[in-house]
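Biologist: I would like to go through the strand pairing and helix packing in this model. Shall we take it piece by piece?

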Amino acid sequence: KRTGADFDTAWARKPLAVFTRRVILSGAVSAAERTVASPQLHGLDRLADLRLAAMDAIDDDEQPPAVIFAANHQSHLDTPAILDALPPRWRYRVAPAMAKEFFKAHFHPEGFSRTRVAANRLNYYLASLFFNAFPLPQRETGTRQTLRYIGDLVGSGYSILIYPEGKRTDAGEIKTFQPGAAMIAARLEVPVVPVRLDGLDRILHQTWKFPARGVARVAFGAPMSLKGNDYVALSRQVEEAVRGL
């Protein structure tokens, strides 16, 4: 049985895994995303202070600053869409958070069939390998360990991608943001970049097995600095920024 602290995915940042992910993201994932989604990108110019808009001017050895990308959640295609929209030096330095509860059969295999455990475990490792994703508990305990783990990621120069709604949309609406992302940003003193997604629920809705062709919009907002410990109020600020894009 795995515990809340036993979800380390540091292996996904080893040289071989990083190389594999670069090939996958720049090739198969990008091609698959653009096959079903016609992307419309907005707002990269607003990130000039973080040097998102001028990545080609950065020396090869210089890393972009770590931020928290906070986006509304519409589809399993959200993460590929955001990563594909980012300039390469950012794309390969992002760690998306994935709901730990989605991988219950992997972390708590008791009560599940071997087939279910194997399939869930495979999905977990593929998500970690392909996207550098890590599990974020929503209902389980382990907040302190998770915050420490995210702090290690940020300290290593990785930006974090979080969907503060905690679940995908039903009909394109934006649900109330949970305070976790705001808490992480405020306590780690990391800027938040709001991200607005539109149209992805009409390309791959959460109830569909196969995608349909459509237009997807990805809009980046100006970086936000969150201070204080009223995480509900701070989360509301991030939510309003995303809604306003």
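Biologist: In which sense do β3 and β4 pair?
Modeller: This is a predicted model. Strand β3 covers residues 94-99. Three bridges join β3 to β4. Their pairing is parallel.

Biologist: Which residue of β4 is the bridge partner of A97?
Modeller: Look along β4, residues 134-136. A97 finds its bridge partner there, and that partner is F134.

Biologist: Which strands stand at the edges of the sheet?
Modeller: The sheet is open, with seven strands and mixed pairing. The order runs β1-β7-β6-β2-β5-β3-β4. An edge strand here has a single partner, so one side of it is left without a neighbour in the sheet. The edge strands are β1 (37-42) and β4.

Biologist: By how much are neighbouring strands turned against each other on average?
Modeller: Take neighbouring strands of this sheet and ignore direction. The average turn is 25°.

Biologist: What angle does the direction of α2 make with that of β7?
Modeller: Helix α2, residues 78-85, packs on the sheet. The strands it touches are β1, β2, β3, β5, β6 and β7. With the direction of β7, that of α2 makes about 60°.

Biologist: And what angle does the direction of α7 make with that of β2?
Modeller: Helix α7 (residues 180-188) also packs on the sheet. It touches β2, β5 and β6. The angle with β2 is about 160°.

Biologist: At what angle do the axes of α1 and α2 cross?
Modeller: Helix α1 spans residues 15-36. Its contact with α2 includes L25 and V29 of α1, and P80 and L83 of α2. The crossing is left-handed. The axes come within 10 Å and cross at roughly 115°.

Conventions
Residues numbered from 1 in each chain as written. Predicted model: local features only at pLDDT ≥ 70, side-chain atom pairs only at ≥ 80, totals over all residues. Heavy atoms only, no water. Pairing = 2+ DSSP bridges. Helix = DSSP H or I, 4+ residues; strand = E, 2+ residues; numbered from the N terminus. Axes fitted to C-alpha atoms, helices over the stretch in contact; angles between N-to-C directions. Contact = heavy atoms within 4.5 Å. Left-handed = near helix turned anticlockwise from the far one by under 90°.
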